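Student: I'd like to learn how to read a model like this one, feature by feature. Can we put it up and go through it together?

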Amino acid sequence: MISRHITSSILESLADTPVVFLNGARQTGKSFLVKWLASEAHPARYITLDDIGVLAAAREDPSGFLAGLDGPVILDEVQRAPELFLGIKNLVDRDRQSGRFLLTGSADVLLLPRLAESLAGRMEILTLWPFSQGEIEGRKEGFIDAAFSEEFSGPTELREERGDLLSSIGTGGYPEMQTRTAQSRREAWFESYVTSILQRDVRDIAQIEGLMVLPRLLALLAARSTALVSYAELARSTGLPQSTLKRYVALLETTFLLQFLPAWSGNLSKRLVKSSKLVLNDTGLVAHLLGTEVAKSARPEMIGRLLENFVVMELRKQATWSRRRVRLYHFRTHAGREVDILLEDAEGRIIGLEIKAATTVRGDDFRGLRGLAEDLGDRFHRGVVLYTGVESIPFGQRLHALPMQALWRTSVAELDM
């Protein structure tokens, strides 16, 4: 079993919250994790709504179904029976017992208003992403917390071939990919995975048939990963009306396949671009949709996009367990100044990150970060260029060039350095 770093957060939530909702894309390991919790740290009865008989009972008589459940309960894939949420609300209101319900789902409850409203104030929501690189290597990452500390220089020299990094990015973090070494077998799994989600989950959520354009749309979005969202351009490429296109994109976001990196909108005098960037939930999935083996690709632009997508998702995963709560953004002005990723903490301090595919780093690579520091003043905490080389190099006050692996090899143990 590969340990999931979010486990401690789940247990903390169960200790003081009646309902905990663990959501995330299919096949990220939610069922495996909650079954382990039920047998070890959080004894509970496990029930899955993927079982046709159980699903029928829950939909036909939700109150009676819930009335027959005593003690802590785990309901897996609960979004398939939204009828249960009102009954869960009523039970919790009568007996606000902590850890009463642990729910899992493959659709984002925040994007399903009926479900979110039913349990407002009674439920904590956590997200399980595909494995982080630290989870795969058996180490708990502390990059976010370390980067916000006062003294930070990154880990010492990291010796790893660029090809190994690209291979990891092409493999991605889905649990199934960690045991499939043959590229053909990985491709077969991703093919069936995408088909299953688009034909089952999206259909169940949308309550409509015939979403045949979705596979092509998902491939188009993969080719535009980390680019600014342009519904007008996507509408021209797909031939879909923008209203329909936006609905389909929302469905892909609901199933966690697609994510957005919003634009930072601070109160600067400069005019800032407000469009979000597109990000897919896993670079292995992106590589599959693009039909390429990342480690063998000679397309620099594609490698750059995959690296940026990879870093965004690694940071989003780390944010689910880091001690410092952060939000992720990108930064771009209408004049063309940009920084790939911003991390903003609750105090308003900001770390800027630039992602470079090159194995060497130059002073010009810090141009955007220096401009950001000038714009933000005291709010600017640190600037980091992540690149595919091996050395950690200081580039001035609070400016660092770090190997990409520093993202997951800056461990929690190094936070007090």
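Student: Let's start with contacts: leaving aside its neighbours within four places in sequence, which residues is S132 in contact with?

Tutor: Contact here means heavy atoms within 4.5 Å. Skipping neighbours within four places in sequence, S132 touches H5, E141, E314, K317 and W321. Before we go on, this is a predicted model: local features need pLDDT of at least 70, side-chain atom pairs count only at pLDDT 80 or more, and totals for chains, interfaces and linings use all residues. Residues are numbered from 1 along each chain as its sequence is written, and side-chain values use heavy atoms, with hydrogens and water left out.

Student: Where does S132 sit, and is S132 buried or exposed?

Tutor: Helices (H or I, at least four residues) and strands (E, at least two) are DSSP runs, numbered from the N terminus. S132 is in the loop between β5 (123-127) and α7. For burial, the scale is relative accessible area: buried is under 20%, exposed is over 50%, and partly exposed is in between (1.4 Å probe, protein chains only). S132 has a value of 0%, so the residue counts as buried.

Student: Now salt bridges. How many are there?

Tutor: The rule asks for a side-chain nitrogen of Lys or Arg within 4 Å of a carboxyl oxygen of Asp or Glu. By that rule the count comes to 21. Take K89 and D93, whose closest N and O atoms are 3.3 Å apart. Both lie in helix α5 (residues 84-94), 4 residues apart, which is about one turn of the helix. K89 is partly exposed at 22%, and D93 is partly exposed at 41%.

Student: Which residues form salt bridges with E137?

Tutor: R139 does, with the closest N and O atoms 3.2 Å apart, and so does R409, at 2.9 Å. R409 lies in helix α17 (residues 406-409) and E137 in helix α7, so this pair ties together parts that are 272 residues apart in sequence. R409 is buried, at 17%, while E137 is partly exposed, at 32%. R139 is also partly exposed, at 33%. Elsewhere, salt bridges that share partners join E150, R324, D345, E347, R349 and R398 into one network.

Student: Which glycines take a positive phi in the two hairpins?

Tutor: In the β8 and β9 hairpin, with 5 residues between the strands, G336 has a positive phi near 105°. In the β9 and β10 hairpin, with 4 residues between the strands, G348 has a positive phi near 85°.

Student: Why is β9 described as largely enclosed by the rest of the structure?

Tutor: Because 7 of the 8 residues of strand β9 (residues 338-345) are buried.

Student: And the nonpolar core?

Tutor: A nonpolar core is a set of buried Ala, Val, Leu, Ile, Met, Phe, Trp, Tyr and Cys residues joined through side-chain atoms within 4.5 Å. The largest has 73 residues, and those with the most contacts inside it include L315, L343 and L353. Helix α15 (residues 300-318) gives the most to this core, with 9 residues. Apart from it lies another core, of 26 residues, A58, L69, L75 and L84 among them.

Student: Which residues does L343 touch, neighbours within four places in sequence aside?

Tutor: Its contacts are I144, F148, L315, V326, R327, L328, R349, I350, I351 and L353.

Key: Two strands pair if DSSP finds at least two bridges between them.
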